[in-house]
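Welcome! Take a look at the sequence and the 3D view below, and then let us walk through them together.

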Amino acid sequence: MKTWKLCAYLCTTAAIFTACDENEETSSWGQGLKWTTETSGALILNAGNEYSGIDGEISIFDYATLSCVTGAFSAQNGRSLGLTPNGAIVYGSKIYTAITSSNTIEIINRADMKSAKQLSFTNHTTLTMPRDVVGHDGYVYASFYSGHVARIDTTTFAIDKIVEVGVHPERMTIAGNYLYAPNSGEYFNYDKTVSKINLSTFKVEKTIEVALNPTVLKSDANGRVYALCMGNYNDIPSAIYRIENDGESYTKVAEATMFDIHKSSNTLYAVNAPYGALKNDYFNIDLNKNDDVITTQEMTIEVEYPAAIAVDPTTQNIILTSYEVIGDYASYSTPGYAKMYKANGTQIARFDVGIGPTFATFFTDSKLTVQ
């Protein structure tokens, strides 16, 4: 019971105020009133290990106590989250999670971690294998390996629109009134396109060419979109590319294997940990500087075997997750860990998480305060 009680306390406290958007910034209006944002904790998505039959799970890190619990979903629902959860979003009073191998999207109440709805695609005629979820203006958008993006109405939990994109779309981003989906392609036949979807018409307005194997998209404070293109895992290295405003060209920013963007400061944080490397690189880039001069700043943060990076949109704290290392090799069947740092590299906490901690996001909410 200890596990879910801590989770319920954290989520109930955060859910008092409803989030309007995952990256909403502070704004003022009225006389003596101000909307502010605050973060109460972080959500770590543990993918588990499908090959070993290990289901995924959610870990929740509490900022107030600097402690983490894993297993709240299974404890509250009497069943597992499913095989290979890949993407999650905390949106309003709910958590939306894409469970790829179980072919479901789990919608969870933040307040008690109980399932509000499970969307199953096992017998769906079009959609299979959900990969990622993002939220915007009252809707949640999900990418599917079947080559589609679907729109979920957050009031009914029903899918009301579907659009066809490229092969194996992965982690998406929203910039302005557009949703961008990276089409990674099939194994050993990688794609190199991004689908630009007009949210008003919910149609693909443009197909943008980028580097080989795009898997993660992020947008900055100026509405520019950055793509992590994984290459071919051999002689074409993984790198971050900026899609130029004309949508006809792209610029290499830096070699990296994972990244996130803090919009308020317009800073990109990245890790370059290619397979077999003797040393991993951790750095940031000021995206406000001259576009023609891309300078990386080395950071004093580190984990043994990086699995994910995420930057808190309000505090600018950085979370790095890692697989456990056993005998100089990453273990994919034992629990991993995470570290949280301040933006200046000062370590705040180290905490245990679940197996395969490949994704992280935050419990960030807006509230009205009197000035």
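## Contacts and overall form

Two residues are in contact when heavy atoms lie within 4.5 Å. In this predicted model, take the contacts between residues at least 6 apart in sequence: 47% of them join residues at least 24 apart.

The protein chain holds 2 helices and 31 strands. Its radius of gyration is 19 Å, close to the 21 Å that the globule rule gives for 371 residues, so the chain is as compact as a globular protein of that length.

Of the 371 residues, 54% are buried. The chain exposes about 16300 Å², and carbon and sulfur atoms supply 48% of that area.

Charges are part of the picture too: there are 27 positive and 40 negative side chains, and the centres of the two sets lie 5 Å apart.

## A look at strand 15

Now let us zoom in. Which strands does it pair with? Strand 14 (residues 178-186) runs antiparallel to strand 15 and is joined to it by 8 bridges. Strand 16 (residues 203-209) is also antiparallel to strand 15, with 6 bridges between the two.

Some partners can be found by name. Leu179 has Ile197 in strand 15 as its bridge partner, while Asn198 stands opposite Lys203 in strand 16.

## Two hairpins

The hairpin of strand 14 and strand 15 has 2 residues between the strands, and Phe188 there takes a positive phi near 65°. Strand 15 and strand 16 form a hairpin with 4 residues between them, where Phe202 in the turn has a positive phi of about 55°.

Technical notes. Residues numbered from 1 in each chain as written. Predicted model: local features only at pLDDT ≥ 70, side-chain atom pairs only at ≥ 80, totals over all residues. Heavy atoms only, no water. Pairing = 2+ DSSP bridges. Rg over C-alpha atoms; globule rule 2.2 N^0.38 Å. Buried < 20%, exposed > 50% of the residue type's maximum accessible area, 1.4 Å probe, protein only. Areas by Shrake-Rupley, 256 points an atom, 1.4 Å probe, with all protein chains shown as cover. Lys, Arg positive; Asp, Glu negative; His and termini not counted. Charge placed at Lys NZ, Arg CZ, Asp CG, Glu CD.
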